[in-house]
Amino acid sequence: MSEPITSAVIRRAQPADAVAIARVEVDSWRAAYLGLVPAAVLNALSAPAREASWRRILSHGAATGTRAFLLCTGGAALGFASAGPSRDDDDDPGDVGELYTIYLLPAAWGRGLGAALLDTAQADLARRRHRTMTIWVLEGNTRARRFYELSGFTLDGARRAAPVGPGSLPEIRYRRAL
């Protein structure tokens, strides 16, 4: 395990952070999903395309209840998370919050930073009076599943097909009380 990074700062992300978030997302996807997501999909990922998407998300987050958090050290973005009301039809979005995304640059894995981001998102959802938090994860992503399980999340039995490139992959949902 790598040394923890103690100088990390987590703050609310702003539209100007879209460039950094897109870079972290693309680099993380290419490492985390290697062997799970078709190589053609990973190779086609584009930081500029993700930047445009993140700029929209960060600009309109108040309207949807989405909040994003950026983790930086020494001025460099190492990771981010976004969360808000549940988007699932079987949950009450006033009661259930959802972690939409959480990604770290591969060089930052294993240093406690993912847990810090998760804690920040959980605390924010709890402050907004959500009592439960859910997370969708690719079924084959054993690293992420282990992380969530160690963080107190349990499978709740929900499954869905997540669109990935021209196909789909199975996702499973985790849940925990806040």
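In which strand is serine 82 found? Serine 82 sits in strand S3, where strands are DSSP runs of E with at least two residues and helices are runs of H or I with at least four, both numbered from the N terminus. Before we go on, note that this is a predicted model, in which local features need pLDDT of at least 70 and side-chain atom pairs count only at pLDDT 80 or more, while totals for chains, interfaces and linings use all residues. Residues are numbered from 1 along each chain as its sequence is written, and side-chain values use heavy atoms, leaving out hydrogens and water.

Let's step back to the sheet. Its 7 strands form an open, mixed arrangement in the order S1-S2-S3-S4-S5-S7-S6, with two strands counted as paired if DSSP finds at least two bridges between them. Strands S1 (9-12) and S6 (154-164) stand at the edges with a single partner strand each, so one side of each has no neighbour in the sheet. S4 (residues 96-104) and S5 (residues 132-138) pair in the parallel sense over 4 bridges; leucine 99 has isoleucine 135 in S5 as its bridge partner.

Back at serine 82, the relative accessibility is 2%, so this residue counts as buried (under 20% is buried, over 50% exposed, and in between partly exposed, with a 1.4 Å probe and protein chains only). Beyond its neighbours within four places in sequence, serine 82 is in contact with residues including Trp54, Arg67 and Leu99, contact meaning heavy atoms within 4.5 Å.

For contrast, visit arginine 127 in helix H4. Arginine 127 counts as exposed because its relative accessibility is 59%.
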